[in-house]
Amino acid sequence: MNRIEDIKNHYRTFVNDFISKTWGSQIIVSRGKVFNANRLEGYVVVDDEDEVKGILTYCTARHKCEIVSLNSLLENEGIGSSLIEHLEKYAKSKKCKKITVFITNDNMHAFGFYQKKGYNMKALHRNSVIDSRKIKPQIPLIGYNDIAVLHEVEFEKALK
């Protein structure tokens, strides 16, 4: 049976290593904002053997919550969905009015996932990834399905 845990010291090393390997470094850049994996709050989904199956990191400020990263180590098992639902409950308890997430233009899978979860496209940030590469050169030029990674699409969900 899977359970959701806060990223604490026990899971921090795994999360940091996973983000470094998956995202190219400890740094995640979105719309010019730099996030360090070491400092992000978040959740992990773990199984009965305490193995991590999914990771969500986020930041909150001024009644807004931003998803910084979401990774499921097992696709189509409900791991990403359970992490999103957990974050939405937390954000509501902190009086956040909305949750935002920025997705690069190549990530069609994420586009569908977030829309199914009630997130709406708010804005297209043309060529924002070009600027982000000045901060983090590890961002690939070509992403999923051999699509050039150039833009970020902002999704948003209002919380009631």
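Q: How far apart do the centres of the positive and negative side chains lie in the protein?
A: In this predicted model, where local features need pLDDT of at least 70, side-chain atom pairs count only at pLDDT 80 or more, and totals for chains, interfaces and linings use all residues, Lys and Arg count as positive and Asp and Glu as negative, with His and the chain ends not counted. Residues are numbered from 1 along each chain as its sequence is written, and side-chain values use heavy atoms, with hydrogens and water left out. Each charge is placed at NZ of Lys, CZ of Arg, CG of Asp or CD of Glu. There are 25 positive and 20 negative side chains, and the centres of the two sets are separated by 10 Å.

Q: What is the radius of gyration of the protein?
A: The protein has 4 helices and 9 strands, these being DSSP runs (H or I of at least four residues for helices, E of at least two for strands) numbered from the N terminus. The globule rule, 2.2 Å times the number of residues to the power 0.38, is compared with a radius taken over C-alpha atoms. For 160 residues the rule gives 15 Å, and the protein is close to this, so it is as compact as a globular protein of that length, with a radius of gyration of 15 Å.

Q: Is Lys53 buried or exposed?
A: Lys53 belongs to strand S5, residues 52–61. Leaving aside neighbours within four places in sequence, Lys53 is in contact (heavy atoms within 4.5 Å) with residues including Asn2, Asp47 and Ile79. Buried means under 20% relative accessible area, exposed over 50% and partly exposed in between, with a 1.4 Å probe and protein chains only. Because its relative accessibility is 16%, Lys53 counts as buried.

Q: How many residues are in another core that lies apart from it?
A: Leu87, a member of the largest core, is in contact with Tyr43, Leu56, Tyr58, Cys65, Ile67 and Ile99, leaving aside neighbours within four places in sequence. Apart from this core lies another, with Val15, Phe18, Val52 and Val68 among its members, and its size is 14 residues.

Definitions and conventions:
Core = buried A, V, L, I, M, F, W, Y, C linked by side-chain atoms within 4.5 Å.
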